[in-house]
Structure formats: C-alpha cells, structure tokens
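Student: Please take me through the aromatic pairs in this model. Then place them in their surroundings.

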Amino acid sequence: IQNGGAVWMKGGKFVMNGGSISAYSKSGNGGVVYMNSGTFIMNAGSLSGKALNGSGGAVYAKYGNFIMNGGTITGKAAETEKDNGSRGWAGHGGAVYGEYATININGGTITGSSAVEGGGIHADKSTLTIGKANITGNTAAHGGGGIYAYNSALTIDGASITGNNGG
C-alpha cells in the first residue's frame with residue numbers, strides 16, 4: 001500500500017469517536033491515515049501505524065485539517081531520511097506529519113513514536129496548535145523528539161511535553 005494503510009482521504013470529513021485502527025504503509029506516507037485535503041477529527045480511540053518508507057507513521061496530513069481532541073496516537077516513520085521524489089521526504093513525523101496543513105492537538109496523547117525528525121509531530125509549512133495534550137516518550141534521530149516545526153506557526157498552551165529525546 002503506497003499511502004494510507006487504512007484510510008485515504010481527499011476532501012470530505014472523517015470523525016473518529018472511539019475504537020482503534022492499526023495499519024502500515026509499505027512504500028508511502030501515512031501508516032494509518034493519508035489526507036490530501038479534508039478534515040479528520042479524532043475525539044477518542046487509538047491510531048497505531050508505521051510508514052516503513054515514508055513520513056507520518058500514523059497520520060500524514062497535506063492541505064487539510066487534523067484535529068485531535070482525545071485518544072492516543074503511536075507511530076513510526078522511516079528510519080532513514082531520504083527523498084522519495086513526488087512523495088516527498090521520508091523519515092519525518094513518527095506519529096503525525098503535516099505539510100501545508102492545520103493541525104490542532106487539543107487533547108489526548110502522542111507517545112512511543114519515532115522518526116528521523118519530529119518523533120511525535122513534524123509540521124512543515126503548517127499551523128500547529130497544541131492545547132492540553134500529552135506529548136511524551138517520543139524519539140527522533142536528528143532533532144525534535146517531541147515536536148519538529150519547519151517554517152511553521154507553532155502555539156503551545158497547556159500541553160505536557162516530557163520525556164522526549166531528539167538526537
């Protein structure tokens with residue numbers, strides 16, 4: 001599966017109110033969810049995934065809105081940073097990767113995730129807002145164990161960001 005091991009979105013709206021989704025993407029981005037525009041709202045439940053040769057171990061959001069109000073996300077992006085041509089760079093955003101996206105982490109936990117850059121979250125030319133969420137126990141080989149923001153607007157208000165390790 002090239003992108004989105006379980007969910008592939010272009011436009012529209014997906015609301016997750018509970019349950020669990022576990023998946024992987026063998027050669028692309030978004031181990032569980034790949035969004036190219038649209039809105040994904042996670043109110044509860046869990047996402048667990050791997051992007052074996054891509055970015056966004058659990059969630060890859062491009063030109064869309066990813067909103068996390070609760071639940072848990074764990075993911076693993078590619079262990080080596082590399083240029084995948086039209087699919088972008090691999091190895092970014094162990095749990096969540098956003099490119100030209102709006103990412104709101106209002107609650108919930110992002111934990112146990114890993115990537116080359118941005119073990120928990122990697123925001124690239126995006127708007128990232130983190131409220132009363134927990135970003136903990138994530139690792140990155142180069143930097144940003146918890147959060148890596150590249151050319152992005154970052155706002156943190158009330159989050160607990162602890163126990164992360166960045167290269």
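Tutor: The structure holds six aromatic pairs. A pair here means rings of Phe, Tyr or Trp (its six-membered ring) with centres within 6.5 Å; planes under 30 degrees apart count as stacked, over 60 as edge-to-face and the rest as tilted. The rings of Phe14 and Phe40 have centres 4.6 Å apart and planes at 5°, so this pair is stacked. Phe14 sits in strand β2 (residues 13-16) and Phe40 in strand β5 (residues 39-42), so the pair ties together parts 26 residues apart in sequence. Strands are DSSP runs of E, at least two residues long, and helices are runs of H or I of at least four; both are numbered from the N terminus.

A word on the source: this is a predicted model, in which local features need pLDDT of at least 70 and side-chain atom pairs count only at pLDDT 80 or more, while totals for chains, interfaces and linings use all residues. Residues are numbered from 1 along each chain as its sequence is written, and side-chain values use heavy atoms, with hydrogens and water left out.

Now the burial of that pair. Buried means under 20% relative accessible area, exposed over 50%, and partly exposed in between (1.4 Å probe, protein chains only). Phe14 is partly exposed, at 26%. Phe40 is buried, at 0%.

Tyr60 and Tyr97 form another stacked pair, with 4.9 Å from centre to centre and 25° between the planes. Tyr60 belongs to strand β7 (residues 59-62) and Tyr97 to strand β12 (residues 96-99), so parts 37 residues apart in sequence are tied together. Tyr60 is buried, at 3% relative accessibility. Tyr97 is buried too, with a relative accessible area of 5%.

The side chains of Glu99 and Lys62 meet in a salt bridge, 3.9 Å from N to O. The term means a side-chain nitrogen of Lys or Arg within 4 Å of a carboxyl oxygen of Asp or Glu. Glu99 lies in β12 and Lys62 in β7, so this pair ties together parts 37 residues apart in sequence. Both Glu99 and Lys62 are buried.

A search of the whole structure finds three salt bridges. One of them joins Lys76 and Glu79, at 2.6 Å from N to O. Lys76 is partly exposed, with a relative accessible area of 30%. Glu79 is exposed, at 60%. Asp124 also forms a salt bridge, with Lys125; the closest N and O atoms are 2.6 Å apart. Asp124 is buried at 9% relative accessibility, whereas Lys125 is partly exposed at 30%.

Next comes Ser126. It lies in the loop between β16 (121-124) and β17 (127-130). Ser126 is buried, at 4% relative accessibility. A polar atom of its side chain lies 3.2 Å from the backbone oxygen of Gly98. Contact means heavy atoms within 4.5 Å. Leaving aside neighbours within four places in sequence, Ser126 is in contact with Gly98, Glu99, Tyr100, Ala101, Asn151, Ser152 and Ala153.

Back to Phe40, this time as part of a core. A nonpolar core is a set of buried Ala, Val, Leu, Ile, Met, Phe, Trp, Tyr and Cys residues joined through side-chain atoms within 4.5 Å. The largest one has 29 residues. Those with the most contacts inside it are Phe40, Leu47, Phe66, Ile73, Val96, Ile105 and Ile110. Elements giving two or more residues to this core are β1 (7-9), β4 (33-36), β5, β7, β8 (65-68), β13 (102-105), β16 and β17. In soluble globular proteins, nonpolar side chains tend to be buried together.

Not counting residues up to four places away in sequence, Ile110 touches Met68, Ile73, Ala95, Val96, Ile105, Gly120, Ile121, Asn134, Ile135, Thr136 and Asn138.

Finally, the whole chain. It has zero helices and 23 strands. Its C-alpha trace spans about 35 × 35 × 25 Å along the principal axes. Buried residues make up 50% of the 167 residues. Among contacts between residues at least 6 apart in sequence, 79% join residues at least 24 apart. The chain exposes about 6600 Å², with carbon and sulfur atoms supplying 45% of it. Those areas come from the Shrake-Rupley method with a 1.4 Å probe; for residues, only the protein chains shown count as cover.

Definitions and conventions. Polar contact = N/O pair within 3.5 Å; in protein donor to acceptor, adjacent residues only side chain to side chain.
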